[in-house]
Amino acid sequence: MTEEMKHPLSDYLRMDRLPHIWCAGCGLGIILHSYVEAIQELSMDLDKIVTVSGIGCAGRASGYVNTDAFHTTHGRALPFATGISISRPDLKTVVISGDGDLFAIGGNHLIHAARRNVDMLVICSNNFNYGMTGAQYGPTTPLNTRTPTSPYGSIENPFNLVALVASSGATMVSRWTVYHVYHLKNAIKKGLQKKGFSFIEVISPCTTGFGRLNKQTPIEMMRQLRDNTKIMKVHPMEATIDPSTEIIIGDFVDVRKPTYGEILRELEAKAR
Amino acid sequence: MANRVLTGTRFVHGDWACAEGAISAGCGYYAAYPITPATEIAERIAQRFPVLGGKFIQFEDEIGAIASVIGASFSGLKAMTATSGPGVSLMLENIGLAVMTEAPCVIVNVMRGGPSTGQPTMGAQGDVMQCRWGMHGDVETIALAPQSVQEMYDLTVEAFNLSEAYRTPVFLLSDANIGHLYERLTIPREEELTLVDRKRPTLPPSEYLPYRADESLVPPMASFGDGYRFYSTGLTHDEKGYPDMSVETQDKLVRRLCDKIRRNTDKITMVETLMTDDCEVLVVAYGIAARSAATAVKQARERGLKAGLLRLVSLWPFPDKLLEKMAEDAKAVIVAEMNYGQLVREVERAVKPKPVRFLPKLGENPHTPGEILEAIRRIDA
């Protein structure tokens, strides 16, 4: 490959792992692109970043990034990342995973990692279903949605991820979509520089699963992210989300609190 | 700065000794969820770690604890968790991850009566098969079984050494009786300790393949932040660490993961024998039950009965050949363990067709020496 043909982000990706496994129209490629572009624009040292993921389509993201990276078990990306963040405070620990991984099977770890204010950035791709296993309903699926495991419509109330994470103690909370690439990249840049538990929800279409089953084309799904979103500076509890009518997006929380690691180091200094 | 190794002789309990064993071994990360009868290990660690710079965190559950231990291990620290049977049940999926990604770590199981919530404060040896076969897929495991407070210390150090040498999780299978037992513990001088550290890569990052092993079958291990930028996954992976679903890769990987332990069974195996040279009745026991067995064997000899004791200090990998050889000249084998039949199956398999008499024991108390003596007497009669 000549120098001119080299992709501007090729140093940031494991080129020998590409093409990725994601479907046409899926938003995960945009999330991955935004992540590595943010790293590039901040001129961060790739040796000092660890990318961790759980299981599912989003869980594959860690395998494409040219940093130290680990693909954990389902739901356990956050405790794994906590182990790194506490052991190596000099590294930036980043988790990229899906709504099912982080809020269903891993939900308990999420609220506790936020409560402890462990220094890490969590990028959560929310596609409103379990994509990899075939679009079953999950903790973010809107009420009445038909999925293979809710053929008569889902009868469960979905989580509002930003409200949950903010109330658990996260010090940075944002929601963007893969349509809002500029805002998304900026939020990731902010999260990469932030000390503390930072959370970015990224609404991302699952075209093969949620879209196909609900008779939406990939273009329609992307249009919805443009037309049904409203950028607002509100309290996370007011950042409502209903993909078919209105999704409030924006940067909702950005405060500074001592991180778990900082408090631990203070305690160590006192104990000595 | 406080001393890391608390050299000297003390009267302490087993859980305390285990915590100090971990600290002596160089453990730098400990994560756990409180559970009887292992909580005292966390309490001791919580007291000591801040002074030493070790990282202690109490997790929201055992699953989080073990996942974070693996994260810390890949961050370059020697890492440990301690729990009891119910906690291990929750950890098993991630212990499998540690096996698959080859994360050195130590898992202490202070066993209590089961199944389920069982007898939280009472000792048992019911999790011997759990640590061997609890994970899905083909695995080999290493497990050590202390019989005293002193061994809670010594074998915790050894568990770290084995985990670092073989890049695999190692179980310390204790029980409530030993965890809560007070006895004399002698901690050696720091320079008397033999400590093993994982093999580090010698190749530059551009040539490093995280899962390429030499004839030892154990690949050198880089840590996060070292500049190697490796990727590791619980999926079946090639030498680069990349997912590969081919039959060949699965075959090669699983064989290597198992063989790195199987082929070293003789090296890993630790046993202690008592009057086995000419024994006609071979008693096999481990952990607290072996103490009664030792007394029983001595009493048998006083009565002119040719009994001997084989105490298994390591339970896994199971020393088939050793058992076969030890039982060669015996009339029969007696297995005494605090469960309703676990390791006895391995013994039966190894000494076949030699008759094996099993002495189960359920509910807190180990066998009395009298019970084991009676079994020896009956075989001899």
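1. Domain bounds, as used in this note, come from an automatic or database domain assignment. On that basis chain B of this predicted model is divided into domain 1, residues 8–192, and domain 2, residues 269–380. The C-alpha centres of domain 1 of chain B and domain 2 of chain B are placed 26 Å apart, and the contact between them draws on 29 residues from domain 1 of chain B and 24 residues from domain 2 of chain B.

2. The size of an interface is often given as the accessible area lost when the parts come together. Between domain 1 of chain B and domain 2 of chain B the buried area comes to about 2,100 Å², with carbon and sulfur atoms giving 55% of that area. On the domain 1 side, the residues that lose the most area to domain 2 of chain B are B:Gln125, B:Met129 and B:Gln147, which together account for 33% of what that side buries.

3. The polar side of this domain contact can be described as well. Two salt bridges are counted between domain 1 of chain B and domain 2 of chain B, and a salt bridge is formed by B:Arg291 with B:Glu183, where the closest N and O atoms are 2.5 Å apart. Between domain 1 of chain B and domain 2 of chain B there are also 14 residue pairs in polar contact, both residues of each pair being at pLDDT 80 or more.

4. As to which elements of domain 1 of chain B face domain 2 of chain B, two or more residues are given by each of strand S6 (119–123), helix H5 (128–133), strand S7 (142–144), helix H6 (149–166), strand S8 (169–175) and helix H7 (176–179) of chain B. The largest share, four residues, comes from H5(B). By class, the residues on this side of domain 1 of chain B are 14 nonpolar, eight polar and seven charged.

5. B:Arg44 sits in helix H2 of chain B, which spans residues 39–52, and B:Arg44 counts as buried because its relative accessible area, 17%, is under the 20% cut-off. The side chain of B:Arg44 is joined to that of B:Glu20 by a polar contact of 2.8 Å. Leaving aside residues up to four places away in sequence, B:Arg44 touches B:Leu6, B:Trp16, B:Ala19 and B:Glu20.

6. Turning to the two chains, 40 residues of chain A are in contact with 44 residues of chain B. The area buried between chain A and chain B is about 3,500 Å², and carbon and sulfur atoms give 56% of it. In chain A, the residues losing the most area to chain B are A:Asp68, A:Phe70 and A:Arg272, together 16% of what the chain A side buries.

7. Four salt bridges are found across the interface of chain A and chain B, and the side chains of A:Asp47 and B:Arg229 meet in a salt bridge at 2.7 Å, N to O.

8. H2(A) gives the most, with seven residues. The side of chain A that touches chain B has 13 nonpolar, 14 polar and 13 charged residues.

Key. Residues numbered from 1 in each chain as written. Chains lettered and ligands numbered in written order. Predicted model: local features only at pLDDT ≥ 70, side-chain atom pairs only at ≥ 80, totals over all residues. Heavy atoms only, no water. Contact = heavy atoms within 4.5 Å. Buried area = accessible area lost by both parts, 1.4 Å probe. Polar contact = N/O pair within 3.5 Å; in protein donor to acceptor, adjacent residues only side chain to side chain. Nonpolar A, V, L, I, M, F, W, Y, C, P; charged D, E, K, R; others polar. Buried < 20%, exposed > 50% of the residue type's maximum accessible area, 1.4 Å probe, protein only.
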